[in-house]
Amino acid sequence: MRHYLSQIAVIAGLAAASSLPASAATSEWKIDPQHSSAQFSVRHMAISTVRGAFSKVNGSILLDDKDITKSTVDITIDVSTVDTREPDRDKDLRSEKFFDVAHFPTMTFKSKKIEQVAPGKLKVTGDLTIRGTTKEVVLDVEGPTPPVKDPWGNVRAAATATSKVNRQDFGVKWNATLDNGGVVVGDDVNITIDAEMIKQAPAKSGD
């Protein structure tokens, strides 16, 4: 009987231990939209560059504190907040000729794979969805930074992600031809996401 009880104790201990790593090693972070933004740049008439930004970026990061490659990233950008410092152009970008905000108010990115390429540098592969079209893209990420505590007790960290996409791949196709054979809007769009994140308190047992 004593040997039987010992076996039960060992099995129970192993079961309890096996349930610990997933929760203990993972922390949840929320993107702070007040201190985050997504910027883009595109060639105009092949002679200059137009830059703009989306001011409302939300999302969450589940960070594996022991193995960052097992982390996940989920980002949502409010397309209606596009700002190129020119109201008429911004109205045009919100129209069906470009982002068609009325039917597709957000763009999203969901990670599928994270690779550590150097200290403080990651490659994050995931699905980018714009205008209802989803394509796989790779973000080059610097960060996350070492965490800091703000004056209100929140733990914060930040990261910067960059990529280049072809807008035609996502159905953003409007253009006009110039008399020299060029076009008004370039196809390649450079993207930069500056994200500041706040660490979330772990869920209490039983929640």
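Tutor: In sorting a lining by class, Ala, Val, Leu, Ile, Met, Phe, Trp, Tyr, Cys and Pro count as nonpolar, Asp, Glu, Lys and Arg as charged, and the others, Gly among them, as polar. The model is predicted, so that local features need pLDDT of at least 70 and side-chain atom pairs count only at pLDDT 80 or more, while totals for chains, interfaces and linings use all residues. Residues are numbered from 1 along each chain as its sequence is written, and side-chain values use heavy atoms, leaving out hydrogens and water.

Student: How many helices and strands does the secondary structure of the protein come to?

Tutor: Helices (H or I, at least four residues) and strands (E, at least two) are DSSP runs numbered from the N terminus, and here there are three helices and 12 strands.

Student: What volume does the second largest pocket have, and how is its lining divided by class?

Tutor: A pocket is an open set of 1 Å grid points where a 1.4 Å probe fits, with protein on both sides within 12 Å along at least five of seven lines, and lining residues have an atom within 4 Å of a point; points join across faces, edges and corners, and probe spheres set on them fill the volume. The second largest pocket holds about 350 Å³. Of its 25 lining residues, Ile61, Val141, Pro144, Ala159 and Met197 are the closest to the centre. By class this lining has 21 nonpolar, four polar and no charged residues, and strand S11 makes the greatest contribution to it, with four residues.

Student: Which residues lie nearest the centre of the largest pocket?

Tutor: They are Phe40, Val42, Leu93, Phe99 and Val189, among 33 lining residues, around a space of about 610 Å³. Here the classes come to 24 nonpolar, five polar and four charged residues, and strand S2 provides the largest share of the lining, six residues.

Student: Which residues of the largest nonpolar core touch the most other members?

Tutor: In soluble globular proteins, nonpolar side chains tend to be buried together. A nonpolar core is a set of buried Ala, Val, Leu, Ile, Met, Phe, Trp, Tyr and Cys residues joined through side-chain atoms within 4.5 Å, where buried means under 20% relative accessible area, exposed over 50% and partly exposed in between (1.4 Å probe, protein chains only). In the largest core, which has 42 residues, Phe54, Ile75 and Phe99 touch the most other members. Strand S12, residues 185-199, gives the most to this core, namely six residues. Across the protein, 33% of the 207 residues count as buried.

Student: With which residues is phenylalanine 99 in contact?

Tutor: Contact means heavy atoms within 4.5 Å. Leaving aside neighbours within four places in sequence, phenylalanine 99 meets Phe54, Val79, Leu93, Phe104, Met107, Ile130 and Arg131 in this way.

Student: Which residues have a positive phi, and where is a peptide bond cis?

Tutor: Most residues other than glycine have a negative phi, and most peptide bonds are trans. Arginine 85 has a positive phi of about 70°; it sits in the loop between strand S6 and helix H3 and is exposed, at a relative accessible area of 60%. Arginine 131, for which phi is positive at about 55°, lies in the loop between S8 and S9. The cis bond runs from glycine 143 to proline 144, with omega near 0°, and proline 144 belongs to the loop between S9 and strand S10.
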